[in-house]
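Student: Could you take me through the aromatic rings in this one? I'd like a close look at how they pair up and what sits over them.

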Amino acid sequence: MENNLQYSIIYADIRPEIQERLSLGILTIENNRVQVRHSEKKLRILKQLYTPKEYKAIASIVRSLRELVSVETLKYLTRYSNNLISFSPIQNIDKSQTNINGKWLYRNYVYNAANA
């Protein structure tokens, strides 16, 4: 498990009935340590898509994840959804077989400023 990187993508559920969603951030686990990164730019976009109350709830959850998340909490969150925010199932990457890291995952699944 030493060369293992795990991740889960944080989504805002735009229209759950058709599974439309926006990736807001990523949670990575490496060496039993959880790191959280999110896009403030994408979070601000949600102001146009949700009521002020819903937006405030989403922003609060995403911004507070850094303080709340442990490996066990992340496993719980991947099973939890409130129709505003959801988390992808935890995926595993064998780092001995690839050069993928947390920054690469963020750029490819959440936000790449170079392509904005």
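Tutor: Here's a walk through the ring pairs, then the charges over rings. Keep in mind that this is a predicted model.

A pair of aromatic rings is described by the distance of the centres and the angle of the planes. With centres required to lie within 6.5 Å, the count comes to two aromatic pairs. Take Tyr7 and Tyr109: their ring centres are 5.7 Å apart and the planes meet at 20°, so this pair is stacked, given that stacked means under 30 degrees. It also bridges distant parts of the chain, since Tyr7 belongs to strand β1 (residues 4-15) while Tyr109 belongs to helix α4 (residues 102-109), 102 residues apart.

How buried or exposed are these two? Tyr7 has a relative accessible area of 9%, so it's buried, the cut-off being under 20%. Tyr109 comes out at 36% relative accessibility, so that one counts as partly exposed.

Tyr109 has another partner, Trp104: here the centres are 6.4 Å apart and the planes sit at 85°, so the pair is edge-to-face, with over 60 degrees as the cut-off. Trp104 is partly exposed as well, at 31% relative accessibility.

Now for the charges. Arg21 lies over the face of Tyr11, 3.7 Å from the ring centre. Over at Tyr106, the charged end of Arg37 sits over the ring, at 4.1 Å from its centre.

Note on methods: Residues are numbered from 1 along each chain as its sequence is written. This is a predicted model: local features need pLDDT of at least 70, side-chain atom pairs count only at pLDDT 80 or more; totals for chains, interfaces and linings use all residues. Side-chain values use heavy atoms; hydrogens and water are left out. Rings of Phe, Tyr and Trp (its six-membered ring) pair if their centres lie within 6.5 Å; planes under 30 degrees apart count as stacked, over 60 as edge-to-face and the rest as tilted. Helices (H or I, at least four residues) and strands (E, at least two) are DSSP runs, numbered from the N terminus. Buried means under 20% relative accessible area, exposed over 50%, partly exposed in between (1.4 Å probe, protein chains only). A charge sits over a ring if NZ of Lys or CZ of Arg is within 6 Å of the ring centre and within 35 degrees of the ring normal.
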